[in-house]
Amino acid sequence: MTPDDLVLTPIGLRFQGVIYPCTVGKTGVTGRKREGDGATPRGVHRLVGMLYRPDRIARPAPWAVPIRPGDLWSDDASHEDYNMMVRAPYPYSHEVLRRADPLYDLILLTDWNWPYAVKGRGSAIFIHQFRRPGYPTEGCIALSRTNLHRIAPRITLRTRLIVP
């Protein structure tokens, strides 16, 4: 572990010596992640990307990629694009990345079950904005908007998410 890793602790997400309150999946943390189980997967996860809404926020880091209209994330375990970013029209099960609410205005992408997805092992473990303090996710880790925007510019491609 390094100070530049994001480390989940019982009281929040530790990064560069600061603990940030966060929420995890509605069913807690698991070592046996499955699609739709609502759990956050245990392990050491690389951060492999950063997405942002350019119509709502400034680019948070030079390597951040804009979320465009029609950007989706496939969560259809039966399809070859499972756990990948795809474009509309997309007739299979997916999540819309360009949401009406601000949850996905800024997304840190982890390498959970990526780039070679095991069907049904779970997709899209992101770090994103929470709905409100204490409100769980579907398996992602979520922070307040302020804290997510504070952390994002300091993330590097060496930063890892560690979920014990």
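**Notes on an aromatic cluster**

1. Trp-73, Tyr-104 and Phe-126 come together as one aromatic cluster. Keep in mind that this is a predicted model. Overall, the structure has three aromatic pairs, and two of them are walked through below.

2. Take Trp-73 with Phe-126: their ring centres sit 5.3 Å apart with 85° between the planes, an edge-to-face pair.

3. Now Tyr-104 with Phe-126. The centre-to-centre distance here is 5.6 Å, and the planes stand at 80°; because edge-to-face calls for an angle over 60 degrees, the pair of Tyr-104 and Phe-126 gets that label too. This pair also links distant parts of the chain, its partners being 22 residues apart. Tyr-104 is in the loop between strand 11 (94–96) and strand 12 (106–110), whereas Phe-126 is in strand 13.

4. On burial, the cut-off is under 20% relative accessible area. Phe-126 comes out at 1% relative accessibility, so Phe-126 counts as buried. Tyr-104 has a relative accessible area of 5%, and is therefore buried as well.

5. One more thing to look at around Tyr-104: which residue lies over the face of its ring? That's Arg-99, at 5.0 Å from the ring centre.

Definitions and conventions. Residues numbered from 1 in each chain as written. Predicted model: local features only at pLDDT ≥ 70, side-chain atom pairs only at ≥ 80, totals over all residues. Heavy atoms only, no water. Phe/Tyr/Trp six-rings, centres within 6.5 Å; stacked < 30°, edge-to-face > 60°. Helix = DSSP H or I, 4+ residues; strand = E, 2+ residues; numbered from the N terminus. Buried < 20%, exposed > 50% of the residue type's maximum accessible area, 1.4 Å probe, protein only. Lys NZ or Arg CZ within 6 Å of the ring centre and 35° of its normal.
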